[in-house]
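This report describes strand pairing, helix packing and ring contacts in the structure shown below.

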Amino acid sequence: MDTFIVKKVLNNNVLIAKDRAEEEVVLIGKGIGFHTKKNAFIHEEDVEKLFVLRNQSEQEHYKRLLPDMDEKILQAIIDSLDIIRRKSNVSLHEQVHVALTDHLLFAINRLLKGMEMKNPFLTETKALYPFEYEIAAEVVDFINQTLDIDLPAGEVGFIALHVHRAITRMGVSDINKYARLVTTLVGTIEAELSIKIDPDSIHYIRLIRHIRYTIDRVVKDEHVDEPAKIAILLKQEYPICYNLAWKLIKIMQQTLKRPVYDAEAVYLTMHLVRLTSKYE
């Protein structure tokens, strides 16, 4: 366990300290700076909730956020991050910690100014990342109760993406790109089949998750075997769904800049066939 020497108390929740290697770190924890003096020792195991920022650029970014943060808001954000850490059972990477702190502060301040940002990918996010969405919903509920505010439902989706990033260590730009891709693919399916899929239906959830796992396999270059006889049958019996599947595959290839194995078209066709049977 690390031992830190306090160099400066920024507020009740944030300290500047040095670790055993004499490297500067930012220690963040609820009440960690209360009655703490310069040159005091802090043992990591003695702190119930502690986040350590070692990266210099992340430190500077975080410290720039502090002047805009009310103490009560900061405490609520720190507790929210701890909820995410406990529920996801992963340690939050510095970039995720700072990015989510930045987002939460911006969202709260925006709400207090009477501004609301719409989330165009809320439905897709809920279907794509149900575990992360559940954690995010608890965070929003906690913040709303603690600060007596009413963050909109769209914030659950935004925070869920940050939680997903924390769990997978995936870049936020990639996460957003995949969410947009899913939206495009669903829109293409609805347009080509002349249907409107109920976003609250089990059919929508199944479709979204199938697309998500397809994208995951493509990104990871995972090969799946092609059932040749089934492919021939689907092409003959369900040409509309088969051709649509290939159209979706080409959209994926163009967006992801990666090849997609032929077998994915077969499994996607099977899913489309099942989907269309629900709307006949």
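## The sheet

Ile-5 stands opposite Phe-41 in S4, and Phe-4 stands opposite Ile-42 in that strand. Strands, like helices, are DSSP runs numbered from the N terminus (strands: E, at least two residues; helices: H or I, at least four). Strand S1 (residues 3-11) and S4 run antiparallel and are joined by 3 bridges; two strands pair if DSSP finds at least two bridges between them. S1 also pairs with S2 in the antiparallel sense, over 5 bridges. There, Ile-5 has Lys-18 of S2 as its bridge partner.

Together, 5 strands form an open sheet with antiparallel pairing, in the order S4-S1-S2-S3-S5. Strand S4 (41-43) and strand S5 (51-53) are the edge strands, each pairing on one side only. From one strand to the next, the twist averages 40 degrees. Helix H1 (residues 56-65) packs on this sheet and touches S1, strand S2 (14-18), strand S3 (24-28) and S5; contact means heavy atoms within 4.5 Å. The direction of H1 makes about 45 degrees with that of S3. Helix H2 (residues 71-88) likewise packs on the sheet, touching S1, S2, S3 and S5, and its direction makes about 100 degrees with that of S5.

## Basis of the model

The model is predicted: local features need pLDDT of at least 70 and side-chain atom pairs count only at pLDDT 80 or more, whereas totals for chains, interfaces and linings use all residues. Residues are numbered from 1 along each chain as its sequence is written, and side-chain values use heavy atoms, with hydrogens and water left out.

## Helices H8 and H11

The axes of helix H8 (residues 202-220) and helix H11 (residues 262-277) come within 11 Å and cross at roughly 175 degrees. Axes are lines fitted to C-alpha atoms, for helices over the stretch in contact, with angles from 0 to 180 degrees between N-to-C directions. H8 and H11 are therefore roughly antiparallel to each other (angles over 145 degrees).

H8 contributes His-203, Arg-206, Leu-207, His-210, Thr-214 and Arg-217 to the contact, and H11 contributes Glu-264, Tyr-267, Leu-268, His-271, Arg-274 and Leu-275. These residues divide into 4 nonpolar, 4 polar and 4 charged (Ala, Val, Leu, Ile, Met, Phe, Trp, Tyr, Cys and Pro count as nonpolar, Asp, Glu, Lys and Arg as charged, and the others, Gly among them, as polar).

## A charge over a ring

The charged end of Arg-85 sits over the ring of Phe-51, 4.8 Å from its centre (the criterion is NZ of Lys or CZ of Arg within 6 Å of the ring centre and within 35 degrees of the ring normal).

Definitions and conventions
Angles under 35 degrees count as roughly parallel, over 145 as roughly antiparallel, 65 to 115 as roughly perpendicular and the rest as oblique.
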